Amino acid sequence: MELSQEDIAEIQRLLEASSYSELIVETARQRITLRRAGDGWIQETQSLTHPNYVSPLQDDPSSGAAQRSRAKVAATEDGLVNVFPPLPGTFYRAPKPGADPFVEVGSIVNADSVIGIIETMKLMNPARAGVAGTIVEICAANGQLMEEAEVLMRVRPQDGAPT
Amino acid sequence: MKIHRLLIANRGEIALRIIRTCRKLGIESVLAASEADLKSVPAKLAGMTVRLGNSAPAQSYLNIEHVIAAAREAKVQAIHPGYGFLSENVKLARACASAGIVFIGPDEQALEGVGDKLRAREHAVAAGLPVVPGGPVADADEAVALAKKIKFPVLIKAVGGGGGRGMKRVHEPAEMKHQAELAAAEAEAAFGDPRIYIERYVERGRHIEVQLLGDGRGEVVHLGTRDCSVQRRYQKLVEEAPAPNLDDKLRAAIHEAAIRFGKGLKYRGAGTVEFLVDDDRHEFYFLEMNARIQVEHPVTEAITGLDLIAEQIAIAEGEGLRFAQSEVAFSGHAIECRINAEDPLHDFRPSPGTVTTALFPAGPGIRVDTHIESGAVVPPFYDSLLAKIIAFGSDRNEALNRMRRALASTKIEGIETNISLHAALMNGNAFIQGGVHTSFFPGFLEAYLKTAGDRVLAGGVK
């Protein structure tokens, strides 16, 4: 069985008239905690069941763990600067499909130059170089999911540019 | 035909919302989940879960072949598309028809008739509804000529668009060329259709919509108004039912216009007719029709006592309308706040991640529709809606008070949210008074950010 919102409201009405300040209801599916908070009540829900898959899941190399285990490019000993995405999301090299990429290896950029787009939650966010210099390596593929700590590109800073 | 097993081709709170009604009706729910959602709360609570594809929407929730394949694999009789994604896609409706699966939504004709915004305008005119002055334009020159005729400022809209995406406001002829080209390019990218049209921009307008249910044979009932004027960049933030401070005659005229539009299409299922209302002049204009269940449907459920998902299913089963207009009873007032994973203090920067704590309000008049619990992951691939908090009261004031308390006891940690922004909205004079215009929010936000900045300086917020 599962408690509906109406059931929870009913239980809460009963509690209101009582001296109890917390009630934990556990069903096969969910654990619901109702707790007094100031004038009102709060609820905290925890699902207890596991998904019941129609057919067994197969490991998909293009997703999940495989993507996350991709090596981070971190070395800066060679004087290069790593450019990270502003947010986790999907990386696009061009302003729209079919258009020329914002930058290529060899492109000269300044700190404000847009080097790509990160799509996060349906919003397009510009990724900027953050440093003036020359693009020496593009580490992320178009359409690739990027975590915040993963390197998009590497830039050789222009002489005297702060790194 | 009685539906025993149904596929939900959607995610997030609406997926869970549909699962709940299925359970109530004794229907087995099968969730079609992308890779990123395979372990989500809806996946845990659905009767069964089938893998729809990779995380990217184009490879899962927007992919018709995958949805039909999932429906076949799960041996369902019907597909509920929720909102967004493929919910108004005529190709999915057609693919369902050829696969012998019931599409829970309007017929193909209605989807085509309202999906193309210019055709929807024509339907509105044919049904005798006023439309905002404007029309189709082939290029920037035509747009300037028409804009001069209907007077600046104007809005550029995408013919294939909807949900406020791709809209541009233009104040003077010099901006037109650039904005029209930008709008056409964006429309092409987002909807695969570069056509644009323009409409006069009504500054002092309210966004008021009417919920309809139709049986597909010409019978249509309305379930009252919703006011969704609190918007940021054409995205709704707060909705309420009924629309407050609206003249009775004007409200009745809006209801009647919506019904006429729905009857003209012999509309089937749940749909919403959107209007721009100029309450100073007692005028209203047809904007568009949304041929799906909407995010804000719970406020209508709160004041009518109906379950709109259950009605959608009944209509899809061929039961038609289970009540007449005279049996629809309205009582009280309801307000909904959309809690999003975004940071208002940093230009609404999206905030995906893991929710470490999720405490929601409970109590009389409070409903929370959410797929979030402590430990839930908010992936970066989809929209930022985390939860809808709905407060109902015997009048607007009671609903407002309950909403304020509800927001104060909501606690979401691990990611950024817009809860404080909603709290400020519910305590602001303009919203308390009721009936704000769609141009209200930017000014409110400016003041909010200023005081929020002061609080930061004072060490009041992190």
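Trainee: How many residue pairs are in polar contact between chain B and chain A, with both residues at pLDDT 80 or more?

Mentor: Good place to start! Keep in mind that this is a predicted model. Pairs count here if both residues reach pLDDT 80 or more, and between chain B and chain A the count is 16 residue pairs.

Trainee: Which element gives the largest share of the side of chain B that touches chain A?

Mentor: Several elements of chain B give two or more residues to this side, among them α1 (12–25), β19 (357–362) and α12 (396–409). The largest share is 5 residues, and these come from β19(B).

Trainee: In β19(B), which residue is the bridge partner of Gln43(A)?

Mentor: Strand β3 (residues 40–47) of chain A pairs with β19(B) in the antiparallel sense, over 3 bridges. For Gln43(A), the bridge partner in β19(B) is Phe360(B).

Trainee: Which side chains meet in a salt bridge?

Mentor: The rule finds 1 salt bridge across the interface of chain B and chain A. The cut-off is 4 Å between a side-chain nitrogen of Lys or Arg and a carboxyl oxygen of Asp or Glu. At 3.6 Å, N to O, the side chains that meet are those of Arg349(B) and Glu148(A).

Trainee: What is the area buried between chain B and chain A?

Mentor: The contact takes 46 residues from chain B and 40 residues from chain A. Lys44(B), Pro350(B) and Ala362(B) supply 15% of the area that chain B buries against chain A, more than any other three residues. Carbon and sulfur atoms give 54% of the area buried between the two chains, which is about 3600 Å².

Note on methods
Residues are numbered from 1 along each chain as its sequence is written. Chains are lettered from A and ligands numbered from 1 in the order in which they are written. This is a predicted model: local features need pLDDT of at least 70, side-chain atom pairs count only at pLDDT 80 or more; totals for chains, interfaces and linings use all residues. Side-chain values use heavy atoms; hydrogens and water are left out. Contact means heavy atoms within 4.5 Å. Buried area is the accessible area (1.4 Å probe) that two parts lose on being put together, summed over both. A polar contact is a pair of N or O atoms within 3.5 Å; within protein, one must be able to donate a hydrogen and the other to accept it, and residues adjacent in sequence count only if both atoms are side-chain atoms. Helices (H or I, at least four residues) and strands (E, at least two) are DSSP runs, numbered from the N terminus. Two strands pair if DSSP finds at least two bridges between them.
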